[in-house]
Amino acid sequence: MKRRLGLAVLLMLSAALRCRSASPPGKPVLIGCRSPEKETFTCWWEPGFNGGLPTRHRLFYEKEGSEEVHECPDYWSAGKNSCFFGKEQTSIWVEYSLTVVAFNALGNTSSDLFKIDDVMKIVKPYTPENVTVLVNDTANTPYLCVSWNHPPKVDTKSGWTTIKYELRVQKEDNKPEIFHPNKKNSFKVYNVDPGATYTVDMRCQLDQSSWSEWSTASVVKIPNYFQNEKPFWILVSIFSVIPLLATICIVVLKRKFVKQWLLPPVPGPKIRGVDVQLLKSGRAEDVINALIGNQNFPPAAAWMDQTEEYLLVSDSNDWLLTDPYISQKKKSLVIPAGVQLEIQCRTSAPAQSDCENAEVGKDGKVEPDHLAQTKESVLNVAAPSVSSGSKEAASGNAAGPTGYVGIQQHKGTQGAGPNAAQWDYSWVKEVNGETIFILKNEDAAAGWTVPGWEENTAADYSRVKEVNGDDVVLLQKHDSADSSCKKKEDRSAEWTNQKAKSRHGSDCGKGACLQIAGNGYVDSVPRFYVE
Amino acid sequence: MFQLKSWPQFVLLPLAAGVCAVWVGMVCLVFCSRLSGMKAASICGNAQAECHFLSLANLFDRVIQHSARMHGISNDLHSEFELYFLPSKNQVSRVGRNCHTSNILTPNGKENAQRIEREELTEVIMKLLAAWRDPLWHFHQSVARNHRFNGYGSNKSLEMSDMAHELRKGVQKVVEKMQTLGVISNSVGGLASPEALLAADGSGWRFMKDSDLLYCFRRDSNKIQNYLKILKCRIVPEHGC
């Protein structure tokens with residue numbers, strides 16, 4: 001009996017004890033919800049004290065606009081104490097009200113109401129996948145090439161979500177740099193320093209939602225190019241220093257030579273054959289003798305008032321070039337300023353006697369030879385040259401000096417029109433070597449009666465168009481109404497000086513020259529035939 | 001011989017005139033050819049479908065950008081309103097919040113939006129935009145009158161109202177373009193059905209609280225933006241989807 005009472009008391013005590021430790025479950029707390037791709041979402045809660053009894057949690061939710069209470073469709077996909085809402089149960093732009101209720105044997109406890117205004121507000125994507133960083137070192141400018149994939153489960157094709165990425169690059173312990181790539185899958189970071197270590201990670205965002213977590217960081221080290229190339233640069237510097245030193249040594253050792261080469265001394269004044277010392281210290285007579293005695297002055301020639309020379313007139317290149325007789329001569333015409341010579345044509349080649357030869361005889365008369373008319377009429381006036389040594393040759397010249405010379409006296413201005421000039425005609429009296437003696441006007445009367453001339457009182461004169469330089473005298477074609485001239489309209493002549501053989505080719509071609517411009521005349525009729 | 005001075009005037013003048021005329025003619029030719037070339041480049045023949053679709057995608061991009069901006073402004077305004085006027089979120093009762101556009105059936109998910117017809121989706125967008133024209137305008141008026149917001153808020157409300165108006169016109173253009181191209185049928189009513197709807201539900205929004213109005217508009221602007229993106233990627237998927 002007593003034993004049975006004791007047992008009963010014990011049982012009641014134990015029962016009483018057990019009843020005091022169990023309780024209804026504690027209040028669970030909804031921690032939060034998250035939608036990774038805007039199509040599904042998951043909610044988690046934290047269970048309270050379970051009250052010593054096995055507790056079961058259930059989630060109930062209500063959607064906006066409907067009083068119907070639904071229970072969580074999936075308690076297991078997202079892990080413990082979670083509720084996963086699939087695509088069918090997820091409605092965007094709809095308010096959700098969630099409650100978690102804990103059940104145990106003794107009762108149940110509800111959590112506080114948890115409201116989701118809009119699923120858009122709880123969107124938070126996963127991190128971008130496969131973030132890889134490569135170092136590209138093209139052309140010594142290294143850069144980082146970062147590539148990634150979109151976060152898992154996100155639909156990027158239908159336009160439902162717009163993903164925005166953020167890339168963070170941190171150099172060693174500096175402040176990180178943030179980039180926002182525009183491309184979907186890759187990005188290049190250019191401002192990287194060789195030899196430095198970089199930490200790169202990424203995160204993303206859907207449609208202005210919350211940012212995802214940072215991806216796992218990739219650490220890269222840029223190889224130090226300068227280090228690799230150091231020996232090269234050392235070699236280069238050594239090889240460039242050696243020639244430099246050599247150059248400096250040479251310059252220093254041969255500085256005099258270098259100085260002379262760089263800065264050549266300016267030669268002082270020096271007269272050949274004269275001793276500078278003599279000039280400095282010598283007596284006056286010595287100095288003068290030294291100075292003057294050194295010079296070789298040419299002997300003073302007797303200058304006439306007007307020096308004239310023979311001019312070789314030809315209208316044929318070949319004649320000038322081939323004629324050996326002429327080529328021996330050195331003729332030059334010296335025309336004093338203010339005197340314009342009109343020189344008649346004279347042939348000097350006896351073989352080609354186009355012109356009528358006129359030989360000035362002793363009496364100053366010119367006897368023209370009748371010339372046969374040939375195609376190439378050659379007019380040649382042999383002019384005496386200034387240089388010595390041709391005196392004898394001149395006299396032996398078959399082409400004697402012309403008989404008639406027209407001298408235009410320029411009065412005053414040189415540029416006066418030809419009509420303004422007065423023409424003085426005078427006979428060449430005598431050619432004495434290098435000089436032409438001209439008859440004065442008083443004697444001209446006699447000179448006018450040169451045989452062969454009477455019939456041509458109105459002699460044909462050709463005007464000298466221009467004196468081209470000092471070597472060429474261009475005659476003008478006779479255009480006047482003179483009857484005698486008309487016959488010889490085609491006369492053309494080219495006056496050249498033998499010296500100016502090379503310059504023979506003037507503007508005028510063969511026999512194409514003469515244009516009368518109203519200058520003085522040159523007698524062309526009896527002396528030469530021109531074509 | 002070649003000295004121009006020596007040439008007589010009666011030769012020079014016509015010559016100069018001729019040269020000028022030739023030069024002017026050449027310049028004109030060059031310009032005309034360039035213009036015609038440019039014209040040819042800008043005119044897309046009706047046979048070139050690619051040309052048309054490209055411009056439709058461009059139109060879509062613009063309206064999507066516009067709607068994104070509008071949603072951003074509405075979001076800012078709503079946040080500011082909650083910050084200043086509703087410090088305690090607990091006061092929000094879920095019964096009270098009832099948007100006047102609730103009776104417009106809108107797809108609530110990606111699948112739904114992809115499942116319904118293009119015309120229907122376009123209609124939804126147009127209805128939403130039409131439904132918010134007057135409420136936004138009145139909201140701006142009340143804000144400006146009562147000085148409830150600071151200057152920033154007042155400017156934003158006006159901007160929001162204008163943007164909604166412009167977006168509506170822009171979407172109408174897109175619809176017209178789509179109808180021209182034959183992408184969607186002509187059954188999409190331009191202004192008739194939204195106006196009718198508005199008339200039917202005309203006064204519902206007048207009794208909304210400002211906070212509710214902002215909340216509702218923020219949500220609807222987000223809907224519009226998403227629907228436009230879905231529509232674009234359904235019609236012109238090759239251009240940036």
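This is a predicted model: local features need pLDDT of at least 70, side-chain atom pairs count only at pLDDT 80 or more; totals for chains, interfaces and linings use all residues.
Q: What makes up the secondary structure of chain A?
A: Chain A has 11 helices and 25 strands.

Q: How do you know which residues of chain B count as buried, and how many percent do they make up?
A: A residue is called buried when its relative accessible area is under 20%. Buried residues make up 40% of the 241 residues in chain B. In chain A, 41% of the 531 residues count as buried.

Q: Why do A:E71 and A:R58 count as a salt bridge?
A: Their side chains meet with N and O 2.8 Å apart. The cut-off for a Lys or Arg nitrogen and an Asp or Glu carboxyl oxygen is 4 Å, so the pair qualifies. This pair links distant parts of the chain: A:E71 lies in strand β4 (residues 69–71) and A:R58 in strand β3 (residues 56–63), 13 residues apart.

Q: How do you know whether A:E71 and A:R58 are buried, partly exposed or exposed?
A: Partly exposed lies between the buried limit of under 20% and the exposed limit of over 50%. A:E71 has 29% relative accessibility, so it is partly exposed. A:R58 has 23%, so A:R58 is partly exposed as well.

Q: What makes B:K110 and A:D155 a salt bridge, and where do they sit?
A: The closest N and O atoms of B:K110 and A:D155 are 2.4 Å apart, which is within the 4 Å limit. This pair crosses between chains, from helix α3 of chain B to the loop between β10 (141–149) and β11 (163–171) of chain A. B:K110 and A:D155 are both buried.

Q: Why are B:R133 and B:D134 said to meet in a salt bridge?
A: The distance from N to O is 3.7 Å, and that is still within 4 Å, so the name applies. B:R133 has a relative accessible area of 32%, so it is partly exposed. B:D134, at 25% relative accessibility, is partly exposed too.

Q: Which residues are joined into one network by salt bridges that share partners?
A: The network consists of A:E39, A:K87, A:D155, B:K110 and B:E111. Over all chains, the structure holds 17 salt bridges.

Q: How many salt bridges lie between chain B and chain A?
A: The count is 5. One of the cross-chain pairs is A:D207 with B:K229, whose closest N and O atoms are 3.1 Å apart. That distance is within the 4 Å limit, so the pair is called a salt bridge.

Q: Which elements of chain B give two or more residues to the side that touches chain A?
A: They are α3 (110–115) and α8 (210–235) of chain B. Helix α8(B) gives the most, with 10 residues. The residues on this side divide into 7 nonpolar, 6 polar and 8 charged.

Q: How do you know that chain B and chain A are in contact, and what area do they bury between them?
A: Contact means heavy atoms within 4.5 Å, and 21 residues of chain B are in contact with 28 residues of chain A. The two chains bury about 2,000 Å² between them, 42% of it on carbon and sulfur atoms.

Methods. Residues are numbered from 1 along each chain as its sequence is written. Chains are lettered from A and ligands numbered from 1 in the order in which they are written. Side-chain values use heavy atoms; hydrogens and water are left out. Buried area is the accessible area (1.4 Å probe) that two parts lose on being put together, summed over both. Helices (H or I, at least four residues) and strands (E, at least two) are DSSP runs, numbered from the N terminus. Ala, Val, Leu, Ile, Met, Phe, Trp, Tyr, Cys and Pro count as nonpolar, Asp, Glu, Lys and Arg as charged, and the others, Gly among them, as polar. Buried means under 20% relative accessible area, exposed over 50%, partly exposed in between (1.4 Å probe, protein chains only).
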